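Biologist: I would like to learn how to read a sheet and a helix pair. Please take me through an example.

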Amino acid sequence: MEAPLIHLTLTLPSSLIGEFFPILQQGFLVTAHVGCTLQRLLCRQWGIAPDYVATRITTIFLDSKATDNVETAIVRDGATIALSGAMPGLVGATMRRGGHLAAMRGAMTHQETAADATDRIGTVRVKLFNLLLTELGPVFLKRGILMGCSDVISFFRERDETFWESCDGGNINGTPVGAGLLRTTQPLCVGGSVRLTVNFR
Amino acid sequence: MDRIARIDMGAAGGPKVTFEEVGEYAGLGGRALTSLVIATEVHPLCHPLGAENKLIFAPGMLSGTTGSMTGRLSVGCKSPLTGTIKESNAGGQAAQVLARIGYAAVILEGKPAGDDLYKIIINKDGITVEVDNSLQLMDNYPLVEKLRKEYGDKVAYITIGSAGERQLLAASIACTDPELRPTRHCGRGGVGAVMGAKRVKAIILDDAGMKMRPAKEPEKFRDANRKFVEGLRKHPVTGEGLPAYGTNVLTNVLNEAGGYPTRNFKGGVFEGSAKLSGEAQAELEVKRGGTATHGCHRGCVIQCSGIFNDKDGNYVTKQPEYETVWSHGGHCGIDDLDTVAKLDYMDDNFGLDTIEMGVTIGVAMDAGLAEFGDREAAIRLMEEVGKGTPLGRVLGCGAEITGKVFGVEKVPVVKGQALPAYDPRPIQGIGVTYATTTQGADHTAGYAIATNILKVGGDVDPLKTEGQVELSRNLQIATAAIDSTGMCLFIAFAIMDQPETFQALLDMLGAFYGITMTGDDVVALGKKVLSAERDFNKRAGFTKEHDRLPRFFYTDPIAPHNQTFSVPDEELDQLFNW
């Protein structure tokens, strides 16, 4: 029998957003309507302002390919989307959306194909880099991200005193849980997946 | 900056100092000056460590002024690593101080006959050259500490560590930062070995009694500088990304692009990259009481550096750059920032190029001297270099020699110099620059300069493959010009994206020299520099066949994009046709 999805909610001071950077950089899963354009996913589903997408998210990778046009790139089930702010250096400029130096990257530019792009509920992996970590990280964490139980356990075990002293405890499947018990990771040792939600105060 | 000092280290009776007007080199600075002196005065077939080679120190055209970002020092010579002409530049305080003392260039010539080691003291009263054998085989950190006791803290130091003294081909020249740490290195091409061959251990620059260089049109200069700084501060790269995360902000992006060379260029994605990223590095630095924002010289508004402390809060090194974190990290399969920081300190202390040494250790790992990912082994190999053991001397001579000695087939070098942190297979355009630059593989030779504003060679269709050659040409021309101003290359984004910031830069140059400076003038300067460098290399025996990447980049596809380098040779051969 498949392990149930655990709904875990934490409340933390906003100063601890940096603790989540490793997760946000390496990527987390999000449930989404797939089969739509990147623009639609970012703006309509995730509520990111179109102006922010246009001016702040200057570098986007869809399945490791630099993407120039968010209005034509289609997000399929299982896709990986990496979002980045402006980057320095020649390669930073080369990867930039629609940049002057796009020719430098040649065939690693995303080209939309006619492959099946059925509109349905799926999951995508999201990675956030640099300036977007602090700007979009809290948004995604508040909406909830999907992680394996073992990944959450590893995350908790790597946290130091500062984290646990600042943690107000949490809530597992609607039941309040103290920080002390969370720290033991015992409530998570049932395996399966966790939908982690973090409220920053 | 109205005169040039020449120091003949091989003169009969001991080093001899002469002074001359700038003459035919008037109005030049930085790379333009070093490269034109080399091209004009150095025999292209000379041995780089011999008496015929010259070592030129040149501040930029705007160094020593109140202009922001003007602190790059160019060092030029015939490179012992590549055999080509070489310009290597660094931040730190040296360029500003040397320019304020009044020198457009200090040129070391000749070679002493004996084993004596020298230090050179440059101040407003002139230049003295003294024997100081107490400095022998000292490394940079203790060396600067010793010199500070004698010359104090209100000076700038240019030094070589034990690697330079041993004339290892990866040896760098260190410049001190505002805190007088020897953390800013003219790293590439073995320039430190040339200084070692001249038997010069340290140059002490003292600008006491000197003032900022005055502009011909002070108000215009001040106004242009203000606009320039505003432009840097408002741009997301120079005003936010670099100050927050430094250049290592590139790790995540390169890894995501599949262009992060891993385990000696065997893969394009490193599973441990998030542990090495600039974001992780900045968090760690701040948590340990260091800083993720720090300027390498006074007058820097970008502040892309930082201070890396150990877990107990003690200083280890300055914030390692992206290329350093890559070379000692992913390239060697190492995912630990503390190990990278220790290796960065060792590079700075021994006086070595971090890119060359990281790549060399990766090649050594490929040869079986250690396992990829073995942190302790990487440190042990570096210690060999510091001790000057036979193995250390091999490693300290760089990736190409190490590969030859240990029979490694796939060695990532062009013209003998190790490739930096960007795989040319998924990012083909940078491969064009690696292959064709006059300097050996170098990511800074074609930076992201405002070629779109300069219109060098016209617009390029982003979908045309031949656009890669044209873009690289444009970038190399523009970069050669910027390298001559003394400006930090990180101004590139602000001047590329904001025409008014580029105009402010031109206005700074124009107001300082009392001329009208246009984009065409910048292009002309860049072409002049590159033409001189290319001509020197040709006379040194380099042909179009040297403008190629190592063969394995053409034959071995790299995951995840499974691409090889495919820009045709015929197109590469067109790069210098203008």
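The dialogue below covers a sheet in chain B and then a pair of helices.

Modeller: This is a predicted model, where local features need pLDDT of at least 70, side-chain atom pairs count only at pLDDT 80 or more, and totals for chains, interfaces and linings use all residues. Residues are numbered from 1 along each chain as written, chains are lettered from A and ligands numbered from 1 in written order, and side-chain values use heavy atoms, without hydrogens and water.

Biologist: What is the order of the six strands in the open sheet of chain B?

Modeller: Helices (H or I, at least four residues) and strands (E, at least two) are DSSP runs numbered from the N terminus. Two strands pair if DSSP finds at least two bridges between them. Here the order is β8-β7-β12-β9-β10-β11, with mixed pairing. The edge strands, β8 (126–131) and β11 (184–186) of chain B, each pair on one side only.

Biologist: Which residue of β11(B) is the bridge partner of Ile173(B)?

Modeller: Cys186(B). Three bridges join β10(B) to β11(B), and these strands run antiparallel.

Biologist: How are two packed helices described?

Modeller: By the angle between their axes and the distance between the axes. Axes are lines fitted to C-alpha atoms, for helices over the stretch in contact, and angles run from 0 to 180 degrees between N-to-C directions. Helices α13 (354–366) and α14 (375–387) of chain B pack at about 115°, with axes 11 Å apart.

Biologist: Which residues make the contact?

Modeller: Contact means heavy atoms within 4.5 Å. Among them are Met357(B) and Ile361(B) of α13(B), and Leu381(B) and Val385(B) of α14(B).
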